[in-house]
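Here's a quick briefing to read with the model open beside you.

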Amino acid sequence: MSNDEKYVFYGGSLEEPIEAGCNSLGELIIKRLKENGDGVAFIDGVTDEKFTYADVLERSVRLANRFHRLGIKKDTVVAVMCENRIELPIVSFAATYLRAIPILLNPGYTATELAHVLKYSQPRAIFASPLAMVTLQPLLRTVPSIKLTVLFGDKKPHPKVTLFSELFDRNRAQYISFTPQPAKLPDQVGLMVLSSGTTGLPKAVQLTHHNIMCVLAYMRENASVIPFEQISLGLLPFFHVYGYMVLMHSLINKRVVVSLPRFEPALFLSTIQKYRVTIASLAPPLMVFLAKHPLVDKYDLSSLVFIGCGAAPLSKELELAVMKRLPHLQMILVGYGLSETSLGVTTRASDVHGSVGKVNKLSWLKVVDVKTGRTLGPHQTGEICVKGPLVMKGYLHNERETRAMIDRDGWLHTGDTGYFDEDENFYIVDRIKDLIKYKGFQVPPAEVEAVLLTHPGIKDCAVVGRPDAAAGQLPVAFVVLQPGAKLTEPEVQQYVAERLSKQKQLHGGVRFVHEIPKTASGKILRRELAALFPKAKL
């Protein structure tokens, strides 16, 4: 048996049909919301306002009726740009019912980023929070495709801006008999999310109705075996694929979500305590907070049973530190996936710390040699490739980038290096583009960062390569100290030197900074740190 046959792993099929008898994602959403009934679905953790599944159903269908009269139809792009709030799923669901395409935008975009996204996605309607409207309003004249601008708020900044409350159809009874049109599930785009933009301007990832229905089906199956009340923290940004799929899973598969618009230490901890949150999906920066911040000890977090962690690498040391600090925590579920794979393609629920687990149901995985494309065996590091019904349709208006990522056989090349062991557990090493090339050696920044974070005086860090004529690149650490901690550059270098081999040491030095620039999902923006090198001497 060849490696191509022996070392291609399939996670298996689901027990229940993916489509659940529905002909579109919209039909599935309405079916599940009706089934879920009058139970509390969504709690605003700041205002304590509560919404039932019936509320979400009624409001989204009434909005869809209004959309229909406004000419929003199949393949019309509807943009939503806001912090975490109930209006986001209401708007995106309403668009989905009509086979229109919601695109989720980061409210923190700069004018340059937002102008780029609006120009090439060409939305007909855009919904924004007051915070997002500050950036959006000056750009509206430059995007002629936008015919409807809606504000989530109660004060119009401009006569041409509509308030969200003004949009709703007055016929409350009509939503009961509303039936979405059938869709060609593998072809009809049901959502666009923006790639993280860690290496440049973001690209719009097109996910189909079938992509999303697959995610909801496997999340539903996994949740069915959880033996306790599921109260989920909605802190991950809803505009990110991870946050949005967790939100959809909660609303469709009947799990209460307590939503927060942003991370504030005391608000985060008090919300878990007040609402007895049992499940929290977090990015690694918040795991660092849970492991190291003194404020954590002042709150009762004993209700927290599961933590899901994805979006960026999680080290073994950090995972164990969180487990030690939160003794009631039963499990940290670590996942791996991309926007381009709809969500996670591996999950680990075991104690194989450092691993991202085994391949999820519905997906195929393999590891290939970066140069030759040859399929590799156990403990051989190469590029992780994914195939199956979770792989995106492609990037919007970008066939060249789509073909560069998805090969002729349907394998999506993730750009991440990793390997698997004899038990088929997968491990992520780093992004291929992030690897530091030091004297012919490949240095994974995540490995060095994991060591730095074990130091009690270090709050956060990032490692990048500084160009060097002799060595190629020199590893440099950007370090954020804990409040009151005092460390020198030689002390940090020595700490790493005692724990890692010579090529992985901080030959480029250490810089102390106030914060590490990151995307909203917690990925380090290494290009922003690398851009500092030409301007300053080490």
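Which residues do ring pairs link into a cluster? They are Phe67, Phe127, Phe152, Phe164 and Phe168; rings of Phe, Tyr and Trp (its six-membered ring) pair if their centres lie within 6.5 Å. Keep in mind that this is a predicted model, where local features need pLDDT of at least 70 and side-chain atom pairs count only at pLDDT 80 or more, while totals for chains, interfaces and linings use all residues. Residues are numbered from 1 along each chain as its sequence is written, and side-chain values use heavy atoms, with hydrogens and water left out.

**Rings and charges**
- The count comes to 18 aromatic pairs.
- One of them is stacked, because the rings of Tyr10 and Trp364 have their centres 4.2 Å apart and their planes at 25 degrees (under 30 degrees is stacked, over 60 edge-to-face, the rest tilted).
- That pair bridges distant parts of the chain: Tyr10 sits in strand E1 (residues 9–10) and Trp364 in strand E18, 354 residues apart. Helices (H or I, at least four residues) and strands (E, at least two) are DSSP runs, numbered from the N terminus.
- Tyr10 is partly exposed at 39% relative accessible area, and Trp364 is partly exposed at 32% (buried is under 20%, exposed over 50%, partly exposed in between; 1.4 Å probe, protein chains only).
- Arg499 has its charged end over the ring of Tyr495, 3.6 Å from the centre, and Lys203 lies over the face of Tyr395, at 5.1 Å from the ring centre. The rule here is NZ of Lys or CZ of Arg within 6 Å of the ring centre and within 35 degrees of the ring normal.

**The sheet**
- An open, mixed sheet has 8 strands in the order E8-E7-E6-E4-E5-E9-E10-E20 (strands pair if DSSP finds at least two bridges between them).
- Strands E8 (161–163) and E20 (394–395) are at the edges with a single partner strand each, so one side of each has no neighbour in the sheet.
- Strands E4 (residues 77–81) and E5 (residues 101–105) run parallel, joined by 5 bridges, with Val78 opposite Pro102 in E5.

**Lys366**
- Lys366 belongs to strand E18 (residues 364–368), and counts as buried because its relative accessibility is 13%.
- Leaving aside residues up to four places away in sequence, Lys366 touches Tyr7, Val8, Thr375, Glu383, Ile384, Cys385 and Trp411 (contact means heavy atoms within 4.5 Å).

**Annotated domain**
- An unreviewed UniProt entry annotates residues 447–523 as "domain: AMP-binding enzyme C-terminal"; positions use the numbering here, feature names are shortened, and annotations may be inferred rather than shown by experiment.
- Residues 447–523 are 19% helix and 31% strand, with end C-alpha atoms 15 Å apart.
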